[in-house]
Amino acid sequence: MKKTVLLTGCAGFIGSNFLKTITLRPEVKKEYNFVIVDALTYAGHYPTIETEIKNNHHLSFECLDLRHEEKVQELFKKYSFDGVIHFAAESHVDRSIKNPNIFIETNVLGTLNLLNESLKKFVTGNDFRFVHISTDEVYGTLKDDEATFTEEHPIKPNSPYSASKASSDLVVRSFFETYGFPAMITRCSNNYGPYQFPEKFIPLMVQRAKSGEKLPIYGEGKNIRDWIFVDDHNEGVWKVFTKGRAGEVYNLGGGCERRNLDVAKTILQYFNLSEDHLSFVTDRLGHDYRYGICYEKTARELDWAPSVSFEEGLKKTIEWYLNNEDWMESVKHRKEVVDRKDATVYF
Ligand SMILES: NC(=O)c1ccc[n+]([C@@H]2O[C@H](COP(=O)([O-])OP(=O)(O)OC[C@H]3O[C@@H](n4cnc5c(N)ncnc54)[C@H](O)[C@@H]3O)[C@@H](O)[C@H]2O)c1
């Protein structure tokens, strides 16, 4: 019998890429049905996944806000889930600085609503699985000479976003420790690729460069991020879902640490633009200096490693945005985007 898996947040960046790659593989289609749940916030764009949902009987969609406990209860009455992969979240650090509340509501309480209902589906001996998608930002920040984050690194979040993700990680952990609930946590570094909302660093820089505008760089641009191509991340998520050990945390990193300034310069070079197009702006409050991920445990246990180099992935990503200008325009002008009052000044 086919298994039914709940995927949350698949109208957003990482989840939509997961849906377009992993869920459409013939061997996955044969074994699984997927119910996609998304509140379609400013970051969730239904047209991104509409064709796949219309054309594939093993995919179905429910528009639902995870903050609403009763709606989540109804969802779990309607479907008999065998597992959950939980991508949905408020995900933009700048917005969390302006309005932390919704980050706690969605990322912590929304996750708790899912856990409470999932726990009812889990009975000792069945193979229910719950994967919580988290971030390296829960570990805090690194200095230049510090070793990259392992899963044992203390949790020291610095932004309201990372604090909300760290809080939800701890609630997930507590369900494993208290009830033996088979949950796993993935912590990945900065993703890039197609369908990323244009407030995020790489699509924002590409958009600006394409139209010959200035590229806003926080502070001196020295901050370092460890970039991972979205397909590599999603491959890791699927490995954790299918093979990971209950109660474990798995780091997923790109092995590609780059300064923000260098990423912006590479994008300028692609467009044959000079560095005069860089505009240094007031730094983000509490800006973490460096993220770097050690994924040795995931590689060893799950035979996973990133396969896309930063140069290859960035070229692919820039070309995707250039070939999908309609998507970019339709995303930016949605009512949900315009109505959000915590938009960044640079978007
Ligand atoms: N993008 C990255 O670089 C990155 C890195 C590490 C971890 N993550 C994590 O990966 C996950 C996905 O990130 P993303 O970049 O795709 O985010 P995103 O903002 O692009 O997408 C989030 C999705 O969640 C949905 N959503 C938000 N609030 C909801 C709610 N209350 N109920 C139901 N759906 C809701 C949105 O509509 C959207 O479709 C998040 O948990 C994020 O914390 C992202």
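# Exercises on the ligand shell, ring pairs and backbone

Strand 5 gives the most to the shell around the ligand, contributing three residues. The model is predicted, and for that reason local features need pLDDT of at least 70 and side-chain atom pairs count only at pLDDT 80 or more, while totals for chains, interfaces and linings use all residues. Residues are numbered from 1 along each chain as its sequence is written, and side-chain values use heavy atoms, with hydrogens and water left out.

**Exercise 1.** Determine how many residues surround the ligand, and which are the closest.

*Solution.* The shell then holds 29 residues, and the closest are Ile14, Asp38, Ser91, Tyr161 and Lys165. Next, sort the shell by residue class, where Ala, Val, Leu, Ile, Met, Phe, Trp, Tyr, Cys and Pro count as nonpolar, Asp, Glu, Lys and Arg as charged, and the others, Gly among them, as polar; this gives 14 nonpolar, 11 polar and four charged residues. Finally, assign the shell to secondary structure, taking helices (H or I, at least four residues) and strands (E, at least two) as DSSP runs numbered from the N terminus. Helix 1 (13-21), strand 5 (129-135), helix 7 (160-179) and strand 7 (190-192) each supply at least two shell residues.

**Exercise 2.** Classify the ring pair of phenylalanine 18 and phenylalanine 87, and decide whether phenylalanine 18 is buried or exposed.

*Solution.* Rings of Phe, Tyr and Trp (its six-membered ring) pair if their centres lie within 6.5 Å, and planes under 30 degrees apart count as stacked, over 60 as edge-to-face and the rest as tilted. By this rule there are 28 aromatic pairs. The pair of phenylalanine 18 and phenylalanine 87 is tilted, with 5.2 Å from centre to centre and 55° between the planes. This pair links distant parts of the chain, since phenylalanine 18 is in helix 1 and phenylalanine 87 in the loop between strand 4 (83-86) and helix 5 (93-98), 69 residues apart. With buried meaning under 20% relative accessible area, exposed over 50% and partly exposed in between (1.4 Å probe, protein chains only), phenylalanine 18 counts as buried because its relative accessibility is 0%, and phenylalanine 87 is buried at 11%. Both belong to one aromatic cluster of Phe18, Tyr32, Phe34, Phe87, Trp238 and Phe241.

**Exercise 3.** Describe where aspartate 303 is found and what its phi is.

*Solution.* Most residues other than glycine have a negative phi. Aspartate 303, although not a glycine, has a positive phi of about 55°, and its place is the loop between helix 11 (296-302) and helix 12 (310-323). Aspartate 303 counts as exposed because its relative accessibility is 61%.

Technical notes
A residue is near a molecule or strand if one of its heavy atoms lies within 4 Å of it.
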